[in-house]
Amino acid sequence: MIHITRKEHFNAAHRMYREEWSAEKNFEVFGKCANPNWHGHNYNLFVTVKGEVTHATGYLIDLKELKTIINEYVIEKLDHKNINKDVDFMAGKMASTELLCIEIFNQLKAPIEAYEGVFLHSVKLYETENNSAEYFGG
């Protein structure tokens, strides 16, 4: 079994807040991330797939195909967008890095696994240089 990872990048804004809470409660829980004027990140996304190498081609999946899938199902929907307002698969969800990571995994699983013998292993999302979330499905 081989694991292959593709790195992509996107920029997006979000706000951490709960509408049912007061501004004070939101600030108490989320700090400056509750800023009513939003804030943004330069996200780094790592998508890892696994499977067996195809001996005819010498690889698991054509990385151009993997790039196309990631761009179509994730990057085009997130890049230079407001996660809270513009991203269909995040509607009604808190725009945390953890939940965004899970939802990106969910967006990618079916189109990646449409390739015979290729399985989505994990999605790792860096919100900052120091903070990331990783999801393995489940």
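Analyst: In this predicted model, the backbone oxygen of Ala95 lies 2.6 Å from a polar atom in the side chain of His14.

His14 belongs to strand β1 (residues 2–14). Strands (E, at least two residues) and helices (H or I, at least four) are DSSP runs, numbered from the N terminus. His14 counts as buried because its relative accessibility is 1%; buried means under 20% relative accessible area, exposed over 50%, and partly exposed in between (1.4 Å probe, protein chains only). Setting aside neighbours within four places in sequence, His14 is in contact (heavy atoms within 4.5 Å) with Trp38, His39, His41, Tyr43, Ile83, Asn84, Ala95 and Glu127.

A word on the numbers: residues are counted from 1 along each chain as its sequence is written, and side-chain values use heavy atoms, leaving out hydrogens and water. Because the model is predicted, local features need pLDDT of at least 70 and side-chain atom pairs count only at pLDDT 80 or more, while totals for chains, interfaces and linings use all residues.

Next, helix α2 (residues 63–78), which has a kink of about 50 degrees centred on Asn71. The bend at a residue is the angle between axes fitted to the seven residues ending there and the seven starting there. At the start of α2, a side-chain oxygen of Asp62 reaches to within 2.9 Å of the backbone nitrogen of Lys64. After the helix comes His80, with a positive phi near 55 degrees.

Now for the rings. Rings of Phe, Tyr and Trp (its six-membered ring) pair if their centres lie within 6.5 Å; planes under 30 degrees apart are stacked, over 60 edge-to-face, and the rest tilted. By this rule there are five aromatic pairs. One of them joins Phe46 and Tyr126, with centres 5.7 Å apart and planes at 70 degrees, so it is edge-to-face. Phe46 sits in strand β2 (residues 39–51) and Tyr126 in strand β4 (residues 118–126), 80 residues apart. Phe46 is partly exposed at 24%, and Tyr126 is partly exposed at 25%.

Phe105 and Tyr135 also form an edge-to-face pair, because their centres are 5.1 Å apart and their planes lie at 85 degrees. Phe105 is in helix α4 (residues 97–113) and Tyr135 in strand β5 (residues 132–135), so this pair ties together parts 30 residues apart in sequence. Phe105 is buried, with a relative accessible area of 4%.

For Cys33, the nearest cysteine sulfur is that of Cys101, 17 Å away. Cys33 is partly exposed at 28%, whereas Cys101 is buried at 1%.

How values were computed:
A polar contact is a pair of N or O atoms within 3.5 Å; within protein, one must be able to donate a hydrogen and the other to accept it, and residues adjacent in sequence count only if both atoms are side-chain atoms. A disulfide is a pair of cysteine sulfur atoms within 2.5 Å.
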